[in-house]
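Here's a quick walk around a protein model, written for someone meeting it for the first time.

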Amino acid sequence: MANVIPPYIFAWHDYVKREPKKHGRDIKALVKLIESLLKSKTVRYDPVDVDAFIEFCSMVKHREGRWAGQPFELSIEQKYIVACIFGFKMYDEELEMEVRYFRELVLFVARKWGKSTFISAIADFLLMADGEPAAQVWCLATMKTQAAIVYENAKAFLQSSDVLTPAGNPKKHWRTKRDKDNTEMLLFPAKNSFMKAGSKNSENQDGLNPHAYIIDELHAIKNRNTYDVFSSAQGARTQPLGVIISTFGFVREGIFDSVLERCKKVLAGKSKERIFPMIFRIDDDDDPSDRTCWIKANPGGDTARPTMSYLEGEYQKALEDPAQMPSFLSKHLNRASGSSVIYFELSAVDSCLIDMTEDMVRDKYAVGGVDMAETTDLCCATATIPFGGKLYVFQKYFIARQRIEQNSKADKMAYESFCSTAAEDLLNHELLHVCEGSMVKKSDVTAWFVELATTFQVTFWKIGYDRWHGGDWVDDMEANGFPKENENGRGVTFAVAMGAKSLSGPMKETRSLFEDVGIQFSRHNGLFRWCVTNTAARIDVNSNIQPDKSKSKARIDGYVSFLISYIAYKKVADQFEEYQP
C-alpha cells in the first residue's frame with residue numbers, strides 16, 4: 001500500500017499521538033494495527049465507499065436533541081471507523097474478486113455517544129448503497145424493543161431525507177410492509193433487499209441469509225446462539241459485515257466476554273481475525289475519580305457527547321448511593337464491574353445503636369418480618385415498632401443446636417454469646433434461641449410472636465415473610481391468632497416477593513434511614529449490626545437493587561428479616577401516623 005495515509009485515518013492517528021492521555025491502551029494498540037495494515041502488500045485502501053458513506057450521511061438529518069433537523073455530520077472517530085471498515089480492501093482468490101478486509105466491527109463505547117444514530121446510518125447504507133443484491137440487514141438485541149431502536153432510527157433517517165424520501169413520491173426508493181410474523185420490514189425494492197428488527201427468536205427465521213447484522217448492547221445478550229447463528233449464516237455473501245456495539249455490563253454470562261477476548265487477541269497481534277476492534281474504556285490502572293481519564297471511554301466528550309456536567313452528575317449519584325457505582329463504572333467508563341456492592345456503611349449503622357427498654361415495645365402497635373429461607377442455618381424474626389418518628393427494631397434469632405458449633409466456625413461468629421447478653425431488656429438479653437435438633441423449629445418462631453403479643457401486649461398489624469418459604473409456618477401462625485391476609489388486604493401475615501421490583505425501593509429507603517438515624521436497635525444486638533454491614537446489593541440493568549446473599553460478606557438474615565418488616569410497615573404507615581405517632 002502507498003505510504004500516503006488516508007486523510008480520515010491520518011487525522012485520528014495524529015490526534016491519538018498528540019493527546020496520548022485522552023486515549024486508552026486499546027485505542028493505541030488499534031492505531032498500531034491499522035498502521036501495519038497500511039503497509040501490507042495484500043491489502044489496499046480504496047476511498048470510494050468511504051466517501052459514498054459520508055455523502056450518504058449528509059443526505060439524512062438528526063430527528064431529536066440539540067441537533068434535530070441538522071444533517072448528520074460524522075465526528076473524527078466516526079470518520080475513522082468508516083474509513084477503516086469500508087476503505088480497506090483485499091482480493092479474495094476463492095471468490096475471484098475484491099472484498100472488504102474487515103468482516104466485523106466491534107465498537108465498545110460509553111453511553112450518550114450517539115451509537116444508535118451512528119449504527120442506524122450504517123444499517124441504511126448497507127441496505128441501499130452497498131450494492132449487495134437481495135441484502136438482508138438485521139437489527140438485533142436481547143429484546144425486540146431494544147432492536148427496534150436501531151430499526152426505527154434507520155427509518156427516521158430515511159424519512160428525514162428529501163433525496164431518499166421525495167415529497168412528491170415518498171415511496172420512490174423505499175417502503176415498509178408487514179412480514180408474515182406481523183413484524184414491520186423496511187424494503188429497498190431496487191435491490192430486492194430488506195431491513196428488519198429481531199431478537200433471540202429471529203434465529204429460526206426461514207431463509208436466513210444476512211448480508212449484515214447489527215447487535216446493539218451485546219453485554220445484555222446471554223444466549224450466544226443468536227450471535228452464532230447470524231455470524232455463521234453469512235457464508236453465501238461476498239462481503240458480509242457484522243456490527244457489534246455495546247457498553248460494558250456487569251458480570252457477563254453470555255457472548256460479551258468471548259467477543260472482548262477475541263478483540264484483545266487481535267489488538268495484541270495474536271490473532272489474524274478480520275475484526276476491527278475499537279474499544280473506548282478507561283485503563284485498568286486509572287482511578288475512576290480522576291475526571292481527566294473519563295474521556296478515554298467517552299470520545300465525544302470534547303464535543304459534548306455527553307457533556308462533562310452530565311458525567312459529573314452521574315458520578316455524584318454513584319457517590320451518594322454506592323449501589324449506583326457499578327453502573328457508573330460499566331456504563332460511563334466501560335470498566336468491567338461486578339453487579340454487587342456492599343451497601344451499608346458501618347458508621348451509619350453504629351449511629352443507630354441505643355440502650356433499649358421494654359417500654360419501647362410494651363403495649364405498642366407493630367409490624368413484623370421473618371427470614372426463614374434456610375431452616376438449617378441462622379433464621380431471624382423482627383418486630384419493628386414505629387413511634388416518635390423512628391423505627392425501633394427488636395429481633396429474635398434462631399439456630400439449631402446440632403448446627404451451632406459448625407455454623408459458628410463457618411461464619412466466624414460466636415453465636416452462643418448471644419444467648420445471654422448484657423442487655424437489661426429481656427428481648428435483647430435473650431437475643432438468640434437455640435432450637436433442639438438439627439433444624440430450626442418454625443413453631444419456635446411462632447412462639448416468639450405469641451410472646452410479644454401476650455407478655456408484652458404488642459398488636460401486630462402486618463407480618464411479612466418470603467413467599468417461597470411460608471408453608472406450614474403461616475398455618476401455624478394463623479392457628480395462634482395471626483390470620484393470613486386475604487384478597488381484600490385484611491389479615492396479618494402476607495407474602496413478600498423477594499425480587500428487585502419489590503425490594504429495590506424499600507432497600508434504598510432503609511439505607512437513608514440508617515444515615516438519618518431513623519432506625520434504633522440495641523447496642524447488644526451485634527447480630528443485626530453484623531448482618532446489615534455484610535449485606536451486598538445486587539444491581540440489575542435498570543439500577544434496581546436487592547440483597548445478594550451470594551456476594552455478601554457473610555450472613556444477612558437479620559437485615560432481610562428487617563427489610564421484610566419494613567415492607568410490612570409501608571403497607572400500614574398511615575395507621576401508625578394516626579394511632580401511634
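Let's begin with the largest pocket, which holds about 1400 Å³ of space. This is a predicted model, so to speak: local features need pLDDT of at least 70, side-chain atom pairs count only at pLDDT 80 or more, and totals for chains, interfaces and linings use all residues. Residues are numbered from 1 along each chain as its sequence is written, and side-chain values use heavy atoms, with hydrogens and water left out.

**The pocket**

What counts as a pocket here? On a 1 Å grid over the protein atoms alone, a pocket is an open set of points with protein on both sides within 12 Å along at least five of seven lines, while a cavity is a set where a 1.4 Å probe fits but cannot get out; lining residues have an atom within 4 Å of a point. Grid points are joined across faces, edges and corners, and a volume is the space filled by probe spheres set on the points.

The largest pocket has 49 lining residues, and Lys112, Trp113, Gly114, Lys115 and Ser116 lie nearest its centre. Helix H4 (76-87), helix H5 (115-128) and helix H6 (144-159) each give at least two residues to that lining. H6 has the largest share, with six residues. (Helices are DSSP runs of H or I with at least four residues, strands are runs of E with at least two, and both are numbered from the N terminus.) Domain 1 (7-280) and domain 2 (290-337) each supply at least three residues of the pocket lining; the domain bounds come from an automatic or database domain assignment.

**The cavities**

Searching the whole structure turns up three cavities of 30 Å³ or more. Like the pocket, its lining draws at least three residues from each of domain 1 (7-280) and domain 2 (290-337).

The second largest cavity is lined by Tyr343, Phe344, Glu345, Ala348, Val349, Arg511, Phe514 and Glu515. Helix H11 (346-350) and helix H16 (500-515) are the elements that give two or more residues to this lining, and the largest share, three residues, is from H16.

Ala, Val, Leu, Ile, Met, Phe, Trp, Tyr, Cys and Pro count as nonpolar, Asp, Glu, Lys and Arg as charged, and the others, Gly among them, as polar.

| Space | Volume | Lining by class |
|---|---|---|
| Largest pocket | about 1400 Å³ | 19 nonpolar, 16 polar, 14 charged residues |
| Largest cavity | about 60 Å³ | six nonpolar, two polar, two charged residues |
| Second largest cavity | about 30 Å³ | five nonpolar, no polar, three charged residues |

**The sheet**

Next comes an open sheet of eight strands with mixed pairing, in the order S6-S7-S8-S5-S9-S10-S4-S11. Its edge strands, S6 (175-178) and S11 (275-279), each pair on one side only; two strands pair if DSSP finds at least two bridges between them.

Is strand S9 (residues 212-216) covered or open? Five of its five residues are buried, meaning under 20% relative accessible area with a 1.4 Å probe, protein chains only. Ala212, Ile214 and Asp216 are on one face, and Tyr213 and Ile215 on the other. S9 runs parallel to S5 (residues 136-140), with four bridges, and parallel to S10 (residues 241-246), with five. Ile215 is the bridge partner of Leu140 and also of Ile244.

Technical notes
Buried means under 20% relative accessible area, exposed over 50%, partly exposed in between (1.4 Å probe, protein chains only).
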